[in-house]
Amino acid sequence: PYIRRTALLFIKIHPHVQLNLKFEMIPELIRKLRNGDIDMAFSMKVDGQDDWVNSEPMTSYQLCAIMSDTHPLSQRSAISLSDLRNYSLILPEEGVNGSNAIQEYLYAEASGLNIRATVNNPTTLLQMLTQTRCISILSEWQTKGRHDLRAIPIAELPDPVTTYVHMPKSAYVKRSAQAFLKMLREQL
């Protein structure tokens, strides 16, 4: 969501610059970055070191239980793992929206959950939550501007998840990419 918000501001301030946003899995984005097809990539986690790519932390956030505002748990101030075990989950597909951090958490802390579906499109996932009693585990940012969804902290969650920007170490970074990154950092 902070990238979308920054993109909207960027195209308003820079009407003559073409901005191309690609929402894909991080291995594909890193491949495109290495090929020079994109200027930067964003992810929720750094998977190993790449001598060609520079990865810098951008911001951190807590994962939350995301659900419809009509869900039976939607008025709680916090949710426990045992609460989550009583409902079906819809999670982002591996490589999408911090799913690696979510999967790590689930495998380490939350066995016995009923994962009913994985979805590779964040908009579709959120729409599914509004029409079911399912819960997802995502950043609270996913609910910004959405009055039909609630983000509830999960009591037993580990440390916050960090988002990263990835850029080529030795390649020239376009002025437009530098301006976008500067604007993004100011939005955080």
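Contact here means heavy atoms within 4.5 Å.

**Figure 1. Overview of the predicted model.** The structure shown in every view is a predicted model. Six helices and eight strands make up the secondary structure of the chain. Their order along the sequence is α-α-β-β-β-α-β-α-β-α-β-β-β-α. Among the contacts in the chain with a separation of 6 or more, 78% are between residues 24 or more positions apart. The chain has 188 residues, of which 42% count as buried. Its exposed surface comes to about 10500 Å², with 47% supplied by carbon and sulfur atoms.

**Figure 2. Strand β8 and its pairing with β1 and β2.** Seven of the eight residues of β8 are buried, and the strand is mostly covered. Strand β1, residues 41–43, pairs with β8 in the antiparallel sense over three bridges. Pairing between β2 and β8 is also antiparallel and runs over eight bridges. Val165 of β8 takes part on both sides: Phe42 has Val165 as its bridge partner, and Glu56 stands opposite Val165 as well.

**Figure 3. Salt bridge between Glu56 and Arg185.** The structure holds six salt bridges, and one of them joins Glu56 to Arg185, with the closest N and O atoms 2.9 Å apart. Glu56 belongs to strand β2 (residues 53–61) and Arg185 to helix α6 (residues 175–187), so this pair links distant parts of the chain, 129 residues apart. Glu56 is partly exposed because its relative accessibility is 32%, a value between the limits of 20% and 50%. Arg185, with a relative accessible area of 38%, is likewise partly exposed.

Figure 4. Glu186 and Lys182 meet through their side chains in a salt bridge, at 2.8 Å from N to O. The two residues are four apart in helix α6, and therefore about one helical turn separates them. Glu186 counts as exposed, at 52% relative accessibility. For Lys182 the relative accessible area is 52%, and this residue is exposed too.

**Figure 5. Salt bridge between Asp148 and Arg146.** The side chains of these residues, Asp148 and Arg146, form a salt bridge with an N to O distance of 2.9 Å. Asp148 has a relative accessible area of 27% and is partly exposed. Arg146 is partly exposed at 26% relative accessibility.

**Figure 6. Aromatic pair of Phe10 and Phe180.** Two aromatic pairs are found in a search of the whole structure. In one of them, Phe10 and Phe180 are arranged edge-to-face, with 5.5 Å from centre to centre and 75 degrees between the planes. Phe10 lies in helix α1 (residues 2–13) and Phe180 in helix α6, so the pair ties together parts 170 residues apart in sequence. Both Phe10 and Phe180 are buried.

**Figure 7. Aromatic pair of Tyr61 and Trp141.** The rings of Tyr61 and Trp141 form a tilted pair, 5.1 Å centre to centre and with 45 degrees between the planes. Tyr61 is in strand β2, whereas Trp141 is in the loop between β6 (136–139) and β7 (149–153); the pair links distant parts of the chain, 80 residues apart. Tyr61 and Trp141 are both buried.

Figure 8. Ser88 is placed in strand β4, which spans residues 88–92. Its side chain makes a polar contact of 3.2 Å with the side chain of Asn114. With neighbours within four places in sequence left aside, the residues in contact with Ser88 are Asn114, Arg116, Arg133, Cys134 and Ile135.

**Figure 9. Ile154 and Ile79.** Ile154 is found in the loop between β7 and β8 (161–168). Ile154 is buried because its relative accessible area, 5%, is under 20%. Between the C-alpha atoms of Ile154 and Ile79 the separation is 4.8 Å, although the two residues are 75 residues apart along the chain.

Note on methods:
Residues are numbered from 1 along each chain as its sequence is written. This is a predicted model: local features need pLDDT of at least 70, side-chain atom pairs count only at pLDDT 80 or more; totals for chains, interfaces and linings use all residues. Side-chain values use heavy atoms; hydrogens and water are left out. A polar contact is a pair of N or O atoms within 3.5 Å; within protein, one must be able to donate a hydrogen and the other to accept it, and residues adjacent in sequence count only if both atoms are side-chain atoms. A salt bridge is a side-chain nitrogen of Lys or Arg within 4 Å of a carboxyl oxygen of Asp or Glu. Buried means under 20% relative accessible area, exposed over 50%, partly exposed in between (1.4 Å probe, protein chains only). Rings of Phe, Tyr and Trp (its six-membered ring) pair if their centres lie within 6.5 Å; planes under 30 degrees apart count as stacked, over 60 as edge-to-face and the rest as tilted. Accessible areas come from the Shrake-Rupley method with a 1.4 Å probe; for residues, only the protein chains shown count as cover. Two strands pair if DSSP finds at least two bridges between them.
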